[in-house]
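Please read the following report with the sequence and the coordinates open beside it.

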Amino acid sequence: GIPMEIIVGKMFKLEIWETLLSSMRAGEVAEFWCDTIHTGMYALVSRGMRRIAEGRDPLEGQKHRCGMGNMFDYHSTGYDDLDELQRTPQPLIFIMELFRVEEPSAYKRDTWAMSKEEKLAAVPVLHSEGNRLVLCKEFGQAAAKYQEAVICLRNLQAKEKPWEEGWMKLERLVTPLVLNYCQCQLELGEYYEVLEHTTELLQKHNDNAKAYFKRAKAHAAVWNEREAREDFLRVAHLDPSMAAAVKKELKQLGERMRKKHVEDRKHYQGLF
């Protein structure tokens with residue numbers, strides 16, 4: 001029920017569709033006969049489109065992102081007619097209607113569809129939008145902006161050799177975005193999300209006081225008293241300028257834990 005979108009030049013699985021659509025005018029309906037040399041991937045494309053039409057995630061339950069990898073694992077698309085087409089490839093007729101053509105600048109592309117230059121240009125814009133949303137206390141939306149910026153940079157990092165200059169330059173851009181994302185998650189009460197991301201960050205940068213501070217607050221929120229105290233003390237050691245903030249947090253942690261112990265005693269006394 002929803003028109004499909006294809007970004008021309010981004011290597012869609014059925015490359016012939018780009019050729020066909022590029023020959024059409026907006027509003028035109030056309031029929032194309034395609035030989036088997038062009039239709040080998042159709043079964044996998046159709047499988048995903050059918051799942052979407054059924055209201056399902058096309059990647060649900062898969063072990064691999066690669067469609068061929070899943071075929072080798074499961075030996076089936078889940079549809080008998082598509083399995084038959086895989087076994088016995090045939091020429092196919094496609095009937096297409098072209099609804100609209102947009103200029104590249106008019107289309108908000110997903111991260112995966114951006115070039116390296118576009119990703120680098122998008123990062124400061126997303127960072128700024130995230131900061132603006134934080135000021136408006138729209139923490140969920142802000143987190144999404146920071147996360148999108150991180151994905152852009154991680155995609156670029158994947159093409160660099162770890163710990164070399166290009167990789168490190170991107171890592172320096174990633175770190176504050178991850179910390180901003182974690183702050184939003186703290187505000188939203190997603191404490192285990194914060195623990196996961198700060199721990200991952202500290203495995204690479206074990207001298208980042210801000211990461212320890214946010215992880216300590218997450219530990220405190222889920223009653224991990226020992227871990228919270230250890231992280232707070234690391235913060236004070238790494239950045240003496242944060243000593244006052246650490247002292248305040250430790251005091252609050254102590255008060256919360258004492259209150260919890262009192263409540264626990266009352267609860268258990270009522271049980272026996």
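## Helix 6 and its packing

In this predicted model, helix 6 covers residues 139-157, which amounts to 19 residues, and the distance from its first C-alpha to its last is 26 Å, close to the 27 Å expected at 1.5 Å a residue. The buried residues of this helix are Phe139, Ala142, Ala143, Tyr146, Ala149, Val150, Cys152, Leu153, Leu156 and Gln157. These buried positions of helix 6 pack against helix 5, residues 116-135, and against helix 7.

## Helix 1 and its cover

Helix 1 spans residues 15-22, and within it Ile16, Trp17, Glu18 and Leu20 are buried. The elements that cover these buried residues of helix 1 include strand 1 (29-34), helix 2 (42-53) and strand 2 (92-97).

## Two antiparallel helix pairs

Helix 2 packs with helix 4 (residues 80-87) at an angle of about 165°, and the axes of the two are 9 Å apart. Because an angle over 145 degrees counts as roughly antiparallel, helix 2 and helix 4 are roughly antiparallel to each other. Tyr42, Ala43, Ser46, Arg47 and Arg50 of helix 2 make the contact with Asp81, Leu82, Leu85 and Gln86 of helix 4, and the crossing of helix 2 and helix 4 is left-handed.

Helix 9 (residues 209-221) and helix 10 (residues 225-238) have axes that come within 8 Å and cross at roughly 155°, which makes helix 9 roughly antiparallel to helix 10. The crossing of helix 9 and helix 10 is left-handed. From helix 9, the residues that meet helix 10 are Ala209, Tyr212, Phe213, Arg215, Ala216, Lys217, His219 and Ala220, and their counterparts in helix 10 are Glu227, Ala228, Asp231, Phe232, Arg234, Val235 and Leu238.

## Glu171, a buried residue in helix 7

Glu171 is found in helix 7, which runs over residues 165-188, and Glu171 counts as buried because its relative accessibility is 1%, under the 20% that sets the limit for buried residues. The side chain of Glu171 makes a polar contact with the side chain of His205 at 2.9 Å. Once neighbours within four places in sequence are left aside, Glu171 is in contact with Arg154, Gln157, Leu201, Lys204 and His205; one of these, Gln157, also belongs to the buried set of helix 6.

## Thr198, a buried residue in helix 8

Thr198 lies in helix 8, residues 191-204, and is buried, with a relative accessible area of 1%. The side chain of Thr198 reaches the backbone oxygen of Leu195 at 3.4 Å. Not counting residues up to four places away in sequence, Thr198 touches Cys182, Ala211, Lys214 and Arg215, and among these Arg215 is a residue of helix 9 that meets helix 10.

## Positive phi in two loops

Lys137 is placed in the loop between helix 5 and helix 6, and although Lys137 is not a glycine, it has a positive phi of about 60°. Is Lys137 buried or exposed? With a relative accessibility of 63%, Lys137 counts as exposed, since the threshold for that class is over 50%.

Trp163 lies in the loop between helix 6 and helix 7. Its phi is near 75°, a positive value in a residue other than glycine.

Notes. Residues numbered from 1 in each chain as written. Predicted model: local features only at pLDDT ≥ 70, side-chain atom pairs only at ≥ 80, totals over all residues. Heavy atoms only, no water. Helix = DSSP H or I, 4+ residues; strand = E, 2+ residues; numbered from the N terminus. Buried < 20%, exposed > 50% of the residue type's maximum accessible area, 1.4 Å probe, protein only. Polar contact = N/O pair within 3.5 Å; in protein donor to acceptor, adjacent residues only side chain to side chain. Contact = heavy atoms within 4.5 Å. Expected span 1.5 Å × (residues − 1). Axes fitted to C-alpha atoms, helices over the stretch in contact; angles between N-to-C directions. Parallel < 35°, antiparallel > 145°, perpendicular 65-115°, else oblique. Left-handed = near helix turned anticlockwise from the far one by under 90°.
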